[in-house]
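The structure is shown first, and the description follows.

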Amino acid sequence: MNETSKTKKTSKVRVYVDLFFFTLMVLVLIPQTTGIPLHEWASFIIILPFFLHLIINWNWIATNSKKFFQRGSNKTRFDYVLNWTLYFFMIVITVSGIVISEAALPVFGIHFEPDPFWTKIHNLSATLFMPVFGIHIALHWRWILGAFSKFKFKSDLHHLTEVGPIISKRMLQLLLLICLSIVLSLTVYLFEFSEWVEGFRTSAESNSGQEPGGPGMGWMRYVLPLVKVTVLTGVPALIAGGIIRLKRKLRGKEIHS
């Protein structure tokens, strides 16, 4: 198999992986709509396409890691930092989600006490993740349009057989990512033992009776989370896309002047 054919097959696999990841991400970001059990199980499953996405794009990660401090495209450098920001948010969301798990982990006999600190961190990191994710989509919008314009869901399914070879080829990189994720996860969890967190818990407990009640919203409780995700992801994506198009127009004028 020549290199062009391999690249084409990997690109097809990436479309399936990214589509699966995006679908799960939407489900994960609307727990009030899906319910906590589905939210938690989807949160664990999404780790698989997330790591697969990273190893598929490993060449890009490695190349831009080496070139980060060299002269180059500001857009690429910004994209690189943005991707690491998304990775960090994924770690924080996952760790905090594990600590406050109510449905998935109890199935395995693992129980955590409800914790206002980790609940706050989980909700805040998920909210911050949305606009960053939206900008990420805008930066890769051209690739997304190009890939999906050639994408045939049923007839391209056989390309998924390449997942195994991709994992085998990138096994060392996958292990590196897993180790890095474990180290970062443990680092995030160390906040559990800080005095600042204890102070936050004490403050949260004293204000716990002041929380407004939420019953009576009816169907709105299922729709509003989806609206929130659409706005917090879509608006930054549109703004970033507009800036990118404007810069391209200005660059085109400079070339022709």
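The second largest pocket of this predicted model is lined by 34 residues, and those nearest its centre are Pro31, His39, Ile100, His122 and Asn123. Its volume is about 910 Å³. Six helices, α1, α2 (31-34), α3 (36-45), α6, α7 and α12 (220-256), each give at least two residues to the lining of this pocket. The largest share, seven residues, is that of α7.

The largest pocket has a volume of about 1,300 Å³. Its lining has 46 residues, of which Arg14, Asp18, His53, Ile56 and Asn57 are the closest to its centre. At least two lining residues come from each of α1 (3-28), α4 (47-56), α5 (58-67), α6 (74-99), α7 (116-139), α8 (141-149) and α9 (163-169). Here the largest share belongs to α1, with ten residues.

The axes of α5 and α6 lie 11 Å apart, and the two helices pack at an angle of about 115°. Because of that angle, α5 is roughly perpendicular to α6. The crossing in which α5 passes α6 is left-handed. On the α5 side the contact is formed by Trp60, Ile61, Asn64, Ser65 and Lys67, and on the α6 side by Thr76, Arg77, Asp79, Tyr80 and Asn83. Sorted by class, the contact of α5 with α6 holds three nonpolar, four polar and three charged residues.

The second pair is α3 and α4, whose axes come within 4 Å and cross at roughly 25°. Angles under 35 degrees count as roughly parallel, and α3 and α4 are therefore roughly parallel to each other. Ser43, Phe44 and Ile45 of α3 meet Ile47, Leu48 and Pro49 of α4 in this contact. The contact of α3 with α4 consists of five nonpolar residues and one polar residue, with no charged residue.

Several of these helices also belong to the pocket linings: α4, α5 and α6 contribute to that of the largest pocket, while α3 and α6 contribute to that of the second largest pocket.

Methods: Residues numbered from 1 in each chain as written. Predicted model: local features only at pLDDT ≥ 70, side-chain atom pairs only at ≥ 80, totals over all residues. Heavy atoms only, no water. 1 Å grid on protein atoms, 1.4 Å probe; cavity = no way out; pocket = protein on both sides within 12 Å on 5 of 7 lines; lining within 4 Å. Points joined across faces, edges and corners; volume = space filled by probe spheres on them. Axes fitted to C-alpha atoms, helices over the stretch in contact; angles between N-to-C directions. Parallel < 35°, antiparallel > 145°, perpendicular 65-115°, else oblique. Left-handed = near helix turned anticlockwise from the far one by under 90°. Contact = heavy atoms within 4.5 Å. Nonpolar A, V, L, I, M, F, W, Y, C, P; charged D, E, K, R; others polar.
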